[in-house]
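Here is a short briefing to read alongside the sequence and the 3D view.

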Amino acid sequence: AASDVYKRQAECLLNPTQGYDVGMQDTMEDNYDEPNSNDPDVFWHSPDIWVRNQNDGKIIQVHQNPEYDPNNPVYVYVRVTNNSCETVISYENNLNLYWSKANTALAWPEHWDGSLSINDPITGQSILMGDDVGTYTIPPLGPGESTILEFPWQIPNPADYQNINENPWHFCLLARVDSPFDPMTFAETSNLRDNIKKNYNIVLKNTNVVNIIPVSYTHLTLPTIYSV
């Protein structure tokens, strides 16, 4: 919003700090402190990530439960804000988006980078537990300015997780700013919760997938809607 830009510019007149500083909010109360001074118990519903079932999320910034469709993606939107007093102009500032199957340990990075699979105990199929969705370069941003980046996401089939996870419809999305000019304030560990709370370069969004195309097996029939 224009008011946020003016506020940041006024703060920069009083305290003209140097260096790039872009990031996202864990909650609406997040003041871009590192670590998060509000220390939220619920850190997995970032307002800076939302999903739309059609590519209208730059206009309609309201989260929808994504609909599983094997032939068409949904669209994930991530808002990034320049919280520094310098204009971000480098083309080496990237925003990475990842997905992971929820209700697992969700350690960083193996649950997110495509390196972890689990065998279905019934079918023997190797099931991927997380992967990269995409990477975009963050465009130039003045102090206090924000941008919204759009990622098409082909949702994994929730039915694939029926035998290995108690909530097969439940997925997580992780957005992460990766920049040599804006490194993590606190070194990342395998503890994702701490990484998120300590660095506003990282935010998380949990989401429930609904199924618009029922999938049947000989031993089960998945409902039309997994979760409401």
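Predicted model: local features only at pLDDT ≥ 70, side-chain atom pairs only at ≥ 80, totals over all residues.

Leu95 has Val177 in β10 as its bridge partner.

- β5 and β10 belong to an open sheet of 4 strands, in the order β8-β5-β10-β11, with antiparallel pairing.
- The edges are formed by β8 (130-137) and β11 (202-208), and because each has a single partner strand, one side of each has no neighbour in the sheet.
- On average, neighbouring strands of this sheet are turned by 20° against each other, with direction ignored.

**Ser100, a residue of β5**

- Ser100 sits in strand β5, which covers residues 94-101.
- Is Ser100 buried or exposed? Its relative accessible area is 0%, which is under 20%, so Ser100 counts as buried.

**What surrounds Ser100**

- Beyond its neighbours within four places in sequence, Ser100 is in contact with Leu106, His111, Trp112, Met129, Gly130, Phe171 and Cys172.
- With Met129 there is also a polar contact: a polar atom of the Ser100 side chain lies 3.3 Å from the backbone oxygen of Met129.
- For a sense of distance, Ser100 and Leu116 are 16 residues apart along the chain, and their C-alpha atoms are separated by 10.0 Å.

Terms used: Residues numbered from 1 in each chain as written. Heavy atoms only, no water. Helix = DSSP H or I, 4+ residues; strand = E, 2+ residues; numbered from the N terminus. Buried < 20%, exposed > 50% of the residue type's maximum accessible area, 1.4 Å probe, protein only. Contact = heavy atoms within 4.5 Å. Polar contact = N/O pair within 3.5 Å; in protein donor to acceptor, adjacent residues only side chain to side chain. Pairing = 2+ DSSP bridges. Axes fitted to C-alpha atoms, helices over the stretch in contact; angles between N-to-C directions.
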